Amino acid sequence: MAKSRSEMRSSSHKQPKKRKRGPKIVLLILLVLIAIFGLFIWKVYSDVTGTTEKIYKGVETEEVRKKPVNIDKSEAFSILMLGVDTGDLGRTEQGRSDTIMVMTVNPKTNESKIVSIPRDTYTEIVGKGTMDKINHAYAFGGTSMSMNTVQKLLDIPIDYYVEVNMQGIQDIVDAVGGIQVTSPLSFTTEGYTFTEGQTETLDGAAALAYSRMRYEDPNGDYGRQGRQRQVLEAIVKKVATFSTITNYQSVLGTMENNMKTNLAFADMMDIFSKYRSAAGNIEQIQLEGTGVMMNGVSYQQIDPAELARVSTLLKQQLELE
């Protein structure tokens, strides 16, 4: 017998209601993802702080400023970058600074300058009391003597330093998965061949060979310095890509083994947050000299006018003039 309308309504009320679980499941997934992401960020932060503590090494230098630079207040600063040959070709001794660059960063003008100093520059080695090649300062007295010598040469304060051994360049390039460079000339060295104008992807060993070749370059050490800057810029760009973040532990591992600096973690965070625009606007400057022979040894003699030119540019950048 057919049910009446009232019976049908009564029957429909007795059926259990279906719960909408979709939104709750999505919310749960989001919470899990956020938790995982938070743990990952914490892990990265923990690893990075641990690495910076391991690579931090204070250094005593002659005081040039009236008071120390304050990065937290966005003051212009300078940093000496040393590429040393310890660890290269199996060396274990103190070594010498194969690459010497000074970078000045000014967040107010949003500009940075990098000065390359020829390693054979004839200058006073501060603390040794002799005139010699500037790269010997590291062999005689390590980072401290190098910083003091560069301060005296350029007549500016050197606030910080970053030191990387040559083996570190190779390891870092491998850790980021290789780099791309376009060679300005054709040459063969250490079993690798590079072609002018051709962009190639280099692993660590190839990048190291590319950056240190000097004798086949018509511009000698100046040409090599240009290729070293290429390699450093390529590494920075590769490290900044998202694909490298997944391999951050390998990068940190190479830093621990091959890098030293007197920049604390808080300083690095301040630089990243307050100096990024300036760091992305870089002017390359080459300190140029003239080749001379003294007692059978080749040096680069820097003309006083050239030193004054570069020193003035850096003093303006550091707001010392």
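## Salt bridges

A search of the whole structure identifies 13 salt bridges, each defined as a side-chain nitrogen of Lys or Arg within 4 Å of a carboxyl oxygen of Asp or Glu. The structure is a predicted model, in which local features need pLDDT of at least 70 and side-chain atom pairs count only at pLDDT 80 or more, while totals for chains, interfaces and linings use all residues. Residues are numbered from 1 along each chain as its sequence is written, and side-chain values use heavy atoms, with hydrogens and water left out.

D217 and R227 form one of these salt bridges, with the closest N and O atoms 3.1 Å apart. This pair links distant parts of the chain: D217 lies in the loop between α5 (204-212) and α6 (220-239), and R227 lies in helix α6, 10 residues apart. D217 is buried at a relative accessible area of 8%, and R227 is buried at 1%; buried means under 20% relative accessible area, exposed over 50%, and partly exposed in between (1.4 Å probe, protein chains only).

## Pairs within helices

Helices (H or I, at least four residues) and strands (E, at least two) are DSSP runs, numbered from the N terminus. In helix α9 (residues 265-274), K274 and D270 are 4 residues apart, about one turn of the helix. Their side chains meet in a salt bridge at 3.9 Å, N to O. K274 is partly exposed at 33% relative accessible area, whereas D270 is buried at 16%. A network of salt bridges links D72, D270 and K274.

Helix α11 (residues 304-317) holds R309 and E306, 3 residues apart, about one turn of the helix. The salt bridge between their side chains has an N to O distance of 3.0 Å. R309 is partly exposed at 38% relative accessible area, and E306 counts as buried at 15%.

## Strand β2 and its partners

Because 10 of the 10 residues of strand β2 (residues 97-106) are buried, this strand is largely enclosed by the rest of the structure. Strand β1 (residues 77-84) pairs with β2 in the antiparallel sense over 8 bridges, where pairing requires that DSSP finds at least two bridges between the strands. L82 stands opposite I100 in β2.

Strand β3 (residues 111-116) also pairs with β2 in the antiparallel sense, over 6 bridges. V115 in β3 is the bridge partner of V102. The hairpin of β2 and β3 has 4 residues between the strands, and N110 takes a positive phi near 55° there.
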